[in-house]
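Trainee: I am new to this structure and would like to take a close look at a single part of it. Could you walk me through that part slowly, after a word on the whole?

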Amino acid sequence: MQFVFVWNDLLIALTSTNNQDLRAIQVGLLNFTGDFGATQYGPLFAAICINVFGTLLIYLFLNQKVMKGLTSGALKG
């Protein structure tokens with residue numbers, strides 16, 4: 001759950017970086033919102049899909065390590 005909280009932390013990522021190349025993905029998703037709240041939904045949903053599939057792909061590759069890490073702290077001995 002901590003990964004999700006850090007991953008979705010928009011305010012710190014928005015205020016702590018000045019360089020556009022170093023900003024987080026969520027800050028980049030703000031670029032799809034135009035003037036007066038107008039939103040380009042097609043490119044926004046495509047970017048969200050890339051974001052979700054990228055995170056899912058990382059989780060699928062590291063699934064066994066995540067499960068071992070979760071269970072190693074739960075067992076005694």
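How many helices and how many strands does the secondary structure of the protein chain come to, and what can be said about helix α4 in particular?

Mentor: Please keep in mind from the start that this is a predicted model. The secondary structure of the protein chain comes to five helices and zero strands, and reading along the sequence gives the pattern α-α-α-α-α. Of the 77 residues in the protein chain, 10% count as buried, and among the contacts with a separation of 6 or more, 17% are between residues 24 or more positions apart.

With that background, we can turn to helix α4, which covers residues 41–61 and has 21 residues. From its first C-alpha to its last, α4 reaches 30 Å, close to the 30 Å expected at 1.5 Å a residue. Within this helix, L44, A47 and N51 are buried, and when one looks down the axis of α4 its buried residues fall within an arc of 70 degrees, so they line one face of the helix. The face turned away from that buried side carries the exposed residues G42, I50, F53, L60 and F61.

Next come the aromatic rings, where the structure holds one aromatic pair. Its members are Y41 and F45, whose ring centres are 5.8 Å apart and whose planes stand at 35 degrees, so the pair is tilted; planes would have to be under 30 degrees apart to count as stacked, or over 60 to count as edge-to-face. Y41 and F45 are four residues apart in helix α4, and are therefore separated by about one helical turn.

Finally, consider how α4 meets helix α5, which covers residues 63–72. The axes of α4 and α5 come within 4 Å and cross at roughly 65 degrees, and the two helices are therefore roughly perpendicular to each other. On the α4 side the contact is made by Y59, L60 and F61, while α5 contributes N63, V66 and M67. Two of these α4 residues, L60 and F61, were already named among the exposed residues on the face turned away from the buried side of the helix.

Methods:
Residues are numbered from 1 along each chain as its sequence is written. This is a predicted model: local features need pLDDT of at least 70, side-chain atom pairs count only at pLDDT 80 or more; totals for chains, interfaces and linings use all residues. Side-chain values use heavy atoms; hydrogens and water are left out. The expected span of a helix is 1.5 Å times one less than its number of residues. Buried means under 20% relative accessible area, exposed over 50%, partly exposed in between (1.4 Å probe, protein chains only). The arc is that of the directions from the helix axis to the C-beta atoms. Rings of Phe, Tyr and Trp (its six-membered ring) pair if their centres lie within 6.5 Å; planes under 30 degrees apart count as stacked, over 60 as edge-to-face and the rest as tilted. Axes are lines fitted to C-alpha atoms, for helices over the stretch in contact, and angles run from 0 to 180 degrees between N-to-C directions. Angles under 35 degrees count as roughly parallel, over 145 as roughly antiparallel, 65 to 115 as roughly perpendicular and the rest as oblique. Contact means heavy atoms within 4.5 Å.
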